[in-house]
Amino acid sequence: MALEQFSDVVQRCQGLPDDSYTSEDHDVFTIAGRSCIAEGNSTQVLSVVLDEKNQDIVRCLGWNLLPSLIKVLLKKEEKSLPQCLAIFNHLLETCRPKELLIGLLEQLEQDDPDTIAESLHLLLNPLQKVLLCLGTRKASSLGMTLSSVLDQVAKLPLPHTKEQEEDDVFSLCRCCTSLISFVRPFVQEAKQNLLSSEELSESTNKVAGVEDELRTELLKFCMKTLSHPLLELQLKDPDTLAVSPLRDFASEILDTLSAIREPLPSLVFRPLLKRKQVPGFLEQEVRYPKESLASLAHLLFVHHMATDTFPNVFSPVFCLRSNMEHICLLLSRSEESRIQKGLELYEKSLVRLEDGSLPADLLEIKTFLTVPQNLVKVMTICQRQDLRTRGLKVFQMSIDKFDTEAKYSFFQYMLKTSNHSGVEGYIIKNIKSQIDLALQVTVTPGLRGLTCSLCCAKFSVCQMAQRRTCCSTWTELWSL
């Protein structure tokens, strides 16, 4: 019955202009055609679709057959697979790109992780082919496609162990690899457009505007991938996993940013650099999301990616000052993956500094006081023992990097704001260490006054027994 209806509507529409098809013709073609494929009559449908006399209606209405075709292709039903694949490929060659794009994107939406991976693997190449047919009008369609694809990727579980990534148990590695292959020709086009635009005269400003829109969509894609999945993943070092598709994916994203003229230093140091207004329809906070920039900083300073494009000319103090913005953001989150990356970034930023090298005026910068407060929360209320332990290690490392005057100001601030007896006790232990260190060297008047101030800071929070010790030390110092 369905096959007869399908053949009748196709025969009736032969030779008619595109705008002559009625809504009834559309409905019968769609319902009957899909039913034929579902019932296993794909051989007859293929014959009708390939008939030269039917190419007009196939070009206009053929994309409506995509749902049934893709269902068969995903299930890999051996009986109908070759015929359905032939129909699918013919529709890609014949139908109008805009309608194909809509039909393919509708079939991209899946909920089951296994189906998501298979769907992406099946549809990314056809989507790429359709988009490339759109010419200079592809930018907004590319943006819509990339957004849909990343929404699907976000539904996939993340590998947490070396073995899970090696075996690709959740198919995320395959999807990320396919995604890079999908976006590569558009990156090359944007790169070529940028090179060509430098040679164009002012009379071609309109063309330059179209090219900038393509670049903008690619920038949005990179920023979104930095936020997810890259910010959620714990990438493995080459020593742990020699071949890592996820690490390669991260590296490709950084290469894409460089290719579209988004220099990595200017992105990661945005908190400190004077920012000029970037022309375009995206506001700064949308164009450069803070979480994405924090993820970028982690890739650069912790995993040492893109070292060939990131100049090694910035001082450790400058890098720390900029990274404090990213660290503050990561440590303020509740997700353990973000907290871990914040601790890693803070540790890597501190390790390049000499002990006692940070001056007190840095404490006038808000993040240098906010980050320790966030560290206190990690050390005291984080659920994971390893993160609490690492938080304490980094907290002590940050104290060691301050000079004597900065330590004094920092201790005073923490004693006033921590509101946690354990943290206060830890600060007091550091104060005692500083006093012991001061007593081991020749005491100058300036050092005497600073050491006495440390004693007074300790005096304000010590218990009675500790107060007596502190006071005797204070008296002894004044007698020197």
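Which residues of the largest nonpolar core touch the most other members?

Guide: Happy to walk you through it. What you see is a predicted model, in which local features need pLDDT of at least 70 and side-chain atom pairs count only at pLDDT 80 or more, while totals for chains, interfaces and linings use all residues. Residues are numbered from 1 along each chain as its sequence is written, and side-chain values use heavy atoms, with hydrogens and water left out.

The residues you asked about are F182 and L254, which touch the most other members of a core of 141 residues. A nonpolar core here is a set of buried Ala, Val, Leu, Ile, Met, Phe, Trp, Tyr and Cys residues joined through side-chain atoms within 4.5 Å. Buried means under 20% relative accessible area, exposed means over 50%, and partly exposed lies in between (1.4 Å probe, protein chains only). Helix 11 (residues 172-197) supplies the largest share of this core, with 11 residues. Helices and strands are DSSP runs numbered from the N terminus (H or I, at least four residues, for a helix; E, at least two, for a strand). In general, nonpolar side chains of soluble globular proteins tend to be buried together.

Of its 480 residues, 49% count as buried. A contact means heavy atoms within 4.5 Å. Among contacts between residues at least 6 apart in sequence, 74% join residues at least 24 apart.

Now zoom in on L254. Leaving aside neighbours within four places in sequence, L254 is in contact with L226, L264, L296, L299, L300, M305 and A306.

From there, turn to A297, which lies in helix 16 (residues 290-301). A297 is buried, at 0% relative accessibility. Not counting residues up to four places away in sequence, its partners are V268, V302, N323, H326 and L345. C319 counts as buried, at 5% relative accessibility.

C84 is another buried cysteine, with a relative accessible area of 0%. If you are wondering about cysteine bonds, a search of the whole structure finds 0 disulfides, where a disulfide is a pair of cysteine sulfur atoms within 2.5 Å.

Rings of Phe, Tyr and Trp (its six-membered ring) pair if their centres lie within 6.5 Å; planes under 30 degrees apart count as stacked, over 60 as edge-to-face and the rest as tilted. By this rule there are 13 aromatic pairs. One of them joins F269 and F301, a tilted pair at 6.4 Å centre to centre with 55° between the planes. F269 lies in the loop between helix 14 (264-268) and helix 15 (284-287), and F301 lies in helix 16, so the pair ties together parts that are 32 residues apart in sequence. Both F269 and F301 are buried.

The rings of F310 and F314 have centres 5.9 Å apart and planes at 50°, so this pair is tilted. F310 is buried, at 14% relative accessibility, whereas F314 is partly exposed, with a relative accessible area of 24%. Ring pairs link F269, F301, F310, F314 and F318 into a cluster.

The charged end of R270 sits over the ring of Y288, 4.1 Å from its centre; the rule asks for NZ of Lys or CZ of Arg within 6 Å of the ring centre and within 35 degrees of the ring normal.

In helix 1 (residues 2-12), the buried residues are A2, F6, V9 and V10. Seen down the axis, they fall within an arc of 100°, so they line one face of the helix; the arc is that of the directions from the helix axis to the C-beta atoms. The face turned away from that buried side carries the exposed residues E4 and Q11. The buried residues of helix 1 pack against helix 2 (23-38), helix 3 (42-50) and helix 4 (55-61).
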